[in-house]
Amino acid sequence: GEKRLTLSSVIKQLEKRYQRELVDGKRSPLKNILDGDELSTRHMVLCVADIRFDATQNGNIVELTDGWWSINSVVKPNTGKEQISENYLIKLIQRNQLYEGLKLHIFGSRLYQSEDKTSELVMAYNG
């Protein structure tokens, strides 16, 4: 088979990204949201890159990517307004129905930035 991770292929991808983002001005959805140029509520398709449990957050960290940029989303039990949505997302993770490589259509999410300037995307399940 053809080798994908070679120095020349990595340089080619970086050149394409440079052309697209800096020369053509077409940034990825996550980059636009993180830069504050678009609302986090917009529709976007993101891929689940990783799911891991974080004891300090008492929940699952779901890393989402648009293929170039990534952001974490914390999914943990909630007793407030979003209880049904977040608890359903937990059940999907437990049943392996939310897994790495799955593409998600996301809209209506919220972006939170902590004091240490890290960002987190908050999602709710909508059937």
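A residue counts as buried under 20% relative accessible area, as exposed over 50%, and as partly exposed in between. R27 has a relative accessible area of 29%, so this residue is partly exposed. That value, like the rest here, comes from a predicted model.

R27 takes part in one of the structure's six salt bridges, meeting the side chain of D37 at 2.5 Å, N to O. The two partners sit ten residues apart and link distant parts of the chain: R27 is in the loop between α1 and α2 (29-34), and D37 is in the loop between α2 and β1. D37 is partly exposed too, because its relative accessibility is 49%. Another salt bridge brings K31 and D35 together at 3.3 Å, N to O. Then there's R42 with E38, whose closest N and O atoms are 2.6 Å apart. Shared partners tie R27, K31, D35 and D37 into one network of salt bridges.

Now for the strands. Strand β1 (residues 44-54) runs antiparallel to β4, and the two pair over four bridges. Across this pairing, M44 stands opposite I106 of β4. In a regular strand, side chains alternate between the two faces of the sheet.

Helix α1 covers residues 7-23, and its 17 residues reach 23 Å from first C-alpha to last, close to the expected 24 Å. After α1 comes G25, with a positive phi near 70°.

Finally, L5, V10, L14 and W68 make a nonpolar surface patch of about 410 Å². W68 lies in the loop between β2 (59-65) and β3 (70-75), and it counts as partly exposed because its relative accessibility is 37%.

Note on methods: Residues numbered from 1 in each chain as written. Predicted model: local features only at pLDDT ≥ 70, side-chain atom pairs only at ≥ 80, totals over all residues. Heavy atoms only, no water. Patch = residues over 30% accessible without salt bridge, like charges linked within 9 Å, V, L, I, M, F, W, Y side chains within 5 Å. Areas by Shrake-Rupley, 256 points an atom, 1.4 Å probe, with all protein chains shown as cover. Salt bridge = Lys/Arg side-chain N within 4 Å of Asp/Glu carboxyl O. Buried < 20%, exposed > 50% of the residue type's maximum accessible area, 1.4 Å probe, protein only. Expected span 1.5 Å × (residues − 1). Pairing = 2+ DSSP bridges.
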